[in-house]
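Take a look at the model below. We will walk through it one piece at a time, starting from a single residue and ending with the whole chain.

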Amino acid sequence: MANFIEEVDEEVRRDRAERLWKRWSPVIIGIVILLLAGVAGHQVWKGWQADKAAAAGARFSAALGLAQAGKPAEAATAFADLARADAGGYAALARFQQAANLVEAKDAAGAIAVYDAIAGDAGTNPRFRDLARYLAVFHGLDQLTAEQTRQRLSAIGTDSPWSANARELAAVAELKAGNTEAARRQLTALADDPLLPTGLRGRATELLAALGGPVQ
């Protein structure tokens with residue numbers, strides 16, 4: 001009797017398991033398929049990203065080769081194409097390289113336009129945007145008006161790593177524009193600022209001496 005009851009229980013459990021499997025097997029199989037498809041898709045995406053990064057790296061190296069070969073205009077075009085291709089981490093660096101090669105090619109106006117585009121890109125790291133503003137003025141002192149230089153440099157925040165250099169460049173720009181007293185005031189503030197690097201303060205002091213000394 002005990003064996004008979006055990007066989008009946010086993011048959012009941014088997015029958016119940018079969019009914020449950022028939023009922024839920026499509027769902028279980030569907031979940032497994034989705035999981036496998038997700039894993040496969042992720043691997044494909046990772047492979048595509050790796051291929052894309054490798055291709056961008058090759059294009060970046062080729063553009064650098066043009067620059068090193070003394071072809072800055074061609075290099076600038078190559079870097080511009082790379083930046084437009086949405087090359088991820090290479091895009092921002094390619095734009096800076098584009099501008100640098102335009103400077104090398106004696107196209108300061110073109111370089112300023114690229115730097116201004118970087119500075120105006122809300123998707124770019126704020127530190128890179130400040131660097132672009134600084135470089136636009138640094139390479140554009142002969143092209144930009146005093147107001148244009150002030151506009152760019154004033155946008156560089158006091159917490160920016162380029163803040164001190166921007167203040168020094170602002171003084172130089174005022175001096176170049178013929179605003180000697182404004183330049184002296186800015187240089188005096190730089191020379192008296194104990195938080196600034198010694199080298200920068202020294203340059204400000206030397207330039208002040210050539211302009212007649214600090215503002216009292």
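**A walk through the helices**

Ala166 lies in helix H7. A helix here is a DSSP run of H or I with at least four residues, a strand is a run of E with at least two, and both are numbered from the N terminus. This is a predicted model, where local features need pLDDT of at least 70, side-chain atom pairs count only at pLDDT 80 or more, and totals for chains, interfaces and linings use all residues. Residues are numbered from 1 along each chain as its sequence is written, and side-chain values use heavy atoms, with hydrogens and water left out.

Is Ala166 buried or exposed? Ala166 is buried, because its relative accessibility is 4%. Buried means under 20% relative accessible area, exposed means over 50%, and partly exposed is in between, with a 1.4 Å probe and protein chains only.

Which residues does Ala166 touch? Leaving out residues up to four places away in sequence, they are Tyr134, Leu153 and Ile156. A contact means heavy atoms within 4.5 Å.

Tyr134 and Ala166 are 32 residues apart along the chain, yet their C-alpha atoms are separated by 6.2 Å. Phe138 can be compared with Ala166 in the same way: 28 residues apart along the chain, with 9.1 Å between the C-alpha atoms. Tyr134 has a relative accessibility of 14%, so it counts as buried. Its contacts, again without residues up to four places away, are Leu153, Ile156, Asn165, Ala166 and Leu169.

Now take H5 with its partner H6. Two packed helices are described by the angle between their axes and the distance between the axes. Helix H5 covers residues 126-138 and helix H6 covers residues 146-154; their axes come within 8 Å and cross at roughly 160 degrees. H5 is therefore roughly antiparallel to H6. The axes are lines fitted to C-alpha atoms, for helices over the stretch in contact, and angles run from 0 to 180 degrees between N-to-C directions. Under 35 degrees counts as roughly parallel, over 145 as roughly antiparallel, 65 to 115 as roughly perpendicular, and the rest as oblique.

Which residues meet there? From H5 come Arg133, Tyr134, Ala136 and Val137, and from H6 come Thr149, Arg152 and Leu153. By class, this contact of H5 with H6 has 4 nonpolar, 1 polar and 2 charged residues. Ala, Val, Leu, Ile, Met, Phe, Trp, Tyr, Cys and Pro count as nonpolar, Asp, Glu, Lys and Arg as charged, and the others, Gly among them, as polar.

Return to H7. Helix H7 spans residues 163-176 and packs with helix H9, residues 198-210, at an angle of about 15 degrees, with the axes 11 Å apart. H7 and H9 are therefore roughly parallel to each other. Ala164, Asn165, Glu168 and Leu175 in H7 meet Leu200, Arg203 and Leu207 in H9. The residues of this contact of H7 with H9 divide into 4 nonpolar, 1 polar and 2 charged.

Ser163 is also found in H7. Ser163 is buried, because its relative accessible area is 12%. Beyond residues up to four places away in sequence, Ser163 touches Ile156, Gly157 and Thr158.

Finally, step back to the whole chain. How many helices and strands does the chain have? There are 9 helices and 0 strands. Of the 216 residues in the chain, 31% are buried.
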